[in-house]
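The exercises below ask for a careful reading of a two-chain model, each followed by a solution in steps. Please keep the sequence and the structure in view while working through them.

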Protein chains: 2
Amino acid sequence: MNISRRGRDIQSSPIRKLNPYADKAKEQGIHVYHLNIGQPDIPTPQPILDAFHSFDEKVLSYGPAQGFLELRQAMADYFNSYRISLDAENVIITIGGSEAIHFSFSVVADPGDEIIIPEPFYTNYNGYASFANVRIVPLTLHVEDGFRLPPEEEIEARITAKTKAILLCSPNNPTGTVYTPEELERVISVVKKNNLFLIGDEVYKEFIYDGGTHKSILEYEEVKDRVIVVDSTSKRFSSCGARVGAVLTRNEEIHQSLLKFAQARLCPPSVEQKAALAAYRMGLEYFKPVKEEYERRRDVLCEGLGNIPGIVIHIPQGAFYLIVRLPVKDAEHFVQWMLTDFHLDKETVMVAPAQGFYCSPDRGKDEVRIAYVLKEQDLRRSIDIIKAGLDKYLSL
Amino acid sequence: MNISRRGRDIQSSPIRKLNPYADKAKEQGIHVYHLNIGQPDIPTPQPILDAFHSFDEKVLSYGPAQGFLELRQAMADYFNSYRISLDAENVIITIGGSEAIHFSFSVVADPGDEIIIPEPFYTNYNGYASFANVRIVPLTLHVEDGFRLPPEEEIEARITAKTKAILLCSPNNPTGTVYTPEELERVISVVKKNNLFLIGDEVYKEFIYDGGTHKSILEYEEVKDRVIVVDSTSKRFSSCGARVGAVLTRNEEIHQSLLKFAQARLCPPSVEQKAALAAYRMGLEYFKPVKEEYERRRDVLCEGLGNIPGIVIHIPQGAFYLIVRLPVKDAEHFVQWMLTDFHLDKETVMVAPAQGFYCSPDRGKDEVRIAYVLKEQDLRRSIDIIKAGLDKYLSL
């Protein structure tokens with residue numbers, strides 16, 4: 001009566017596993033600034049809340065496995081407005097971007113198959129790799145050059161007979177890097193030459209700074225059949241608790257298979273889909289002030305962290321995360337210590353140890369991921385706390 | 001660039017795959033009585049709807065991976081009221097019972113491992129077996145004896161070195177059979193002797209007729225460590241679209257592992273959990289009239305079907321399904337024909353071909369599953385339509 005290997009090996013979320021320490025700190029009256037999780041403090045748009053308030057059906061019933069047509073159409077329209085040719089038939093609504101990741105991994109790879117992913121990467125890819133018995137082959141990137149992709153040969157060197165896909169997340173969680181068209185085209189050349197799928201995680205599409213724009217892998221018609229995109233409304237509309245995402249593909253065989261995965265779990269939550277529909281109907285103007293807010297936060301955070309001796313960062317171009325190299329040996333120990341042994345006037349900060357964002361052993365041990373999801377004033381205070389904590393920790 | 005084997009092999013839901021034909025019938029102005037899917041017409045209780053209407057947080061944020069403590073506690077209290085010793089620490093809230101199935105399969109079995117399940121069984125076990133690369137070993141039951149479990153030796157004959165668990169669904173979907181304590185104890189004896197896990201799907205716990213009561217496998221302290229129970233609020237509170245379920249276990253190692261699976265997908269929908277909490281707070285009295293309603297429907301349906309020549313049924317003791325053997329060779333063809341080629345005064349009926357509820361090849365080809373989820377009058381009309389359809393079909 002043994003638990004399964006995957007059940008043993010699946011990682012604890014590095015974002016969440018230290019939560020019990022945070023809870024204990026809170027019990028002791030310490031305020032914890034949560035920069036560990038991508039939980040924005042941006043108010044959820046009123047039309048989303050209104051959709052909950054005005055739900056008026058008698059029976060809260062199952063919806064279609066692929067999601068409501070109106071929402072699929074609204075999402076297609078949203079992408080069309082970025083000159084991406086998609087229609088409702090290319091969209092399957094998922095239970096958060098999480099499920100879209102799980103579906104994408106499972107539809108391209110069987111147990112033992114490999115997916116190449118630049119690391120550090122969104123930590124839950126590790127979780128889903130264990131869950132789906134897929135092997136992630138990391139392509140290790142570095143903070144010093146801002147986590148840019150290596151030359152084509154280096155990417156190709158990771159390909160084996162078991163490689164099924166390359167996954168690109170842009171804007172990137174956890175690095176904030178936005179891949180240039182040239183970088184995307186480098187990877188597109190590799191997937192074409194080696195007959196692979198290309199999975200895109202583009203959930204941070206709207207969060208690109210310094211006047212940049214997002215280039216989606218959906219824009220490359222030449223790999224139309226190879227591309228599967230993971231999408232989510234969680235960050236886009238500050239509604240993480242709604243659990244509405246999508247998986248997008250113009251490969252009909254993949255779409256039909258994804259639909260069968262979707263049928264197994266019946267449907268995504270019904271009321272949330274109505275809420276997401278209301279969100280898309282707000283139009284693109286909604287994003288402007290939100291993006292400006294995050295851009296300001298990025299500036300505040302990067303400036304503040306840049307002034308702490310021994311810290312290495314690279315200013316990110318998008319999303320709302322950055323990877324920070326700390327002058328410590330074991331970042332997880334430091335993060336935990338900040339919760340258990342440190343406070344500055346009854347306040348402390350929680351960040352995420354970065355090791356869980358890598359799959360190469362020992363990578364990222366001296367790094368943390370910081371999510372700039374709190375308002376300017378809280379970020380400034382968090383920087384002061386991190387600085388004071390680090391000072392004390394290093395003097396122990 | 002091939003789709004994965006599991007992506008190819010995963011079944012289309014037999015409950016949903018004929019939906020396009022139903023949609024076409026509707027386009028032609030034909031009313032379709034949906035007895036194919038367990039979507040009750042019972043109004044969703046007002047406290048659930050009120051929870052949506054009164055959601056007043058500014059940010060629709062992530063909740064804990066394991067679900068909100070208040071809801072986990074309310075569920076533990078619910079089970080306690082049935083003299084089942086559980087506490088909040090034994091409960092992980094899942095995204096519907098579906099996710100609880102997926103988690104349970106994955107935590108006991110690695111790819112290639114086996115789970116023994118009496119067939120016919122809930123069709124989405126097939127979907128999740130493909131998704132999780134687990135092999136279902138069927139224990140074939142029969143309509144003639146009301147789908148009772150076979151003797152211990154016959155169950156044990158299915159066990160191999162790869163067997164990890166036996167799954168029992170009671171009250172059963174799709175047969176409506178409620179296992180007796182003696183049957184449960186037979187299986188418990190087998191899992192103890194052979195060192196297996198015992199997975200219980202008890203989502204229809206509240207729907208037991210003829211004055212019977214539900215015996216849960218959670219009541220057997222001797223297998224406390226072996227038991228994992230799949231639960232759901234979908235049918236219990238007629239709120240299928242909410243996607244709130246749970247996985248219950250008192251095996252701490254299993255619980256910790258399930259928590260890691262849960263962390264990978266961040267959290268269940270937040271507002272829905274508040275709705276489920278409101279539902280549990282209604283107390284057990286809520287169930288009485290609902291159960292009476294289903295019992296009446298069962299009686300109407302069984303009496304009506306019993307009068308159609310050539311049909312074989314066994315009166316079920318619980319849930320709201322029954323498996324019906326039809327005097328046809330290919331039940332799927334008949335079901336589809338009812339949608340494409342038949343109507344009685346512009347009305348027809350959709351049921352679910354039963355083959356997808358089996359995994360033994362060719363089993364159930366002449367059977368359908370009928371869900372008695374519509375009100376008496378609609379059921380009576382549905383019976384007339386099935387009778388007339390069958391008459392015509394057999395005379396073709």
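**Exercise 1: a helix pair across the chains**

Helix α6(A) passes α9(B) in a left-handed crossing, where left-handed means that the near helix is turned anticlockwise from the far one by less than a right angle, and right-handed that it is turned clockwise. This is a predicted model, in which local features need pLDDT of at least 70 and side-chain atom pairs count only at pLDDT 80 or more, whereas totals for chains, interfaces and linings use all residues. Residues are numbered from 1 along each chain as its sequence is written, and chains are lettered from A and ligands numbered from 1 in the order in which they are written.

Task: At what angle do α6(A) and α9(B) pack, and which residues meet?

Solution. Step one is the geometry: α6 (residues 124-131) of chain A packs against α9(B) at an angle of about 125 degrees, and their axes are 8 Å apart. Helices here are DSSP runs of H or I with at least four residues, strands are runs of E with at least two, and both are numbered from the N terminus; axes are lines fitted to C-alpha atoms, for helices over the stretch in contact, with angles from 0 to 180 degrees between N-to-C directions.

Step two is the class of the angle: α6(A) and α9(B) are therefore oblique to each other, given that angles under 35 degrees count as roughly parallel, over 145 as roughly antiparallel, 65 to 115 as roughly perpendicular and the rest as oblique.

Step three is the contact, which requires C-beta atoms, placed from the backbone, to lie within 7 Å: A:Asn124, A:Gly127, A:Tyr128 and A:Phe131 of α6(A) meet B:Phe261, B:Gln263 and B:Ala264 of α9(B). These residues comprise four nonpolar, three polar and no charged, with Ala, Val, Leu, Ile, Met, Phe, Trp, Tyr, Cys and Pro counted as nonpolar, Asp, Glu, Lys and Arg as charged, and the others, Gly among them, as polar.

**Exercise 2: the interface and its symmetry**

Task: How many residues of chain B are in contact with chain A, and how are the two copies related?

Solution. First, 68 residues of chain B are in contact with 68 residues of chain A. Among the elements of chain B that give two or more residues to this side are α1 (5-9), α3 (46-53) and α5 (96-108), while α9(B) provides the largest share, seven residues. By class, the side of chain B comprises 31 nonpolar, 23 polar and 14 charged residues.

**Exercise 3: a helix pair within chain B**

Task: Which residues join α11(B) to α13(B), and at what angle do the helices cross?

Solution. The axes of α11 (residues 287-306) and α13 (residues 376-394) of chain B come within 10 Å and cross at roughly 15 degrees; α11(B) and α13(B) are therefore roughly parallel to each other, and the crossing is right-handed. The contact includes B:Arg296, B:Arg297 and B:Val300 of α11(B), together with B:Glu376 and B:Leu379 of α13(B). Overall, the contact of α11(B) with α13(B) has five nonpolar, one polar and four charged residues.
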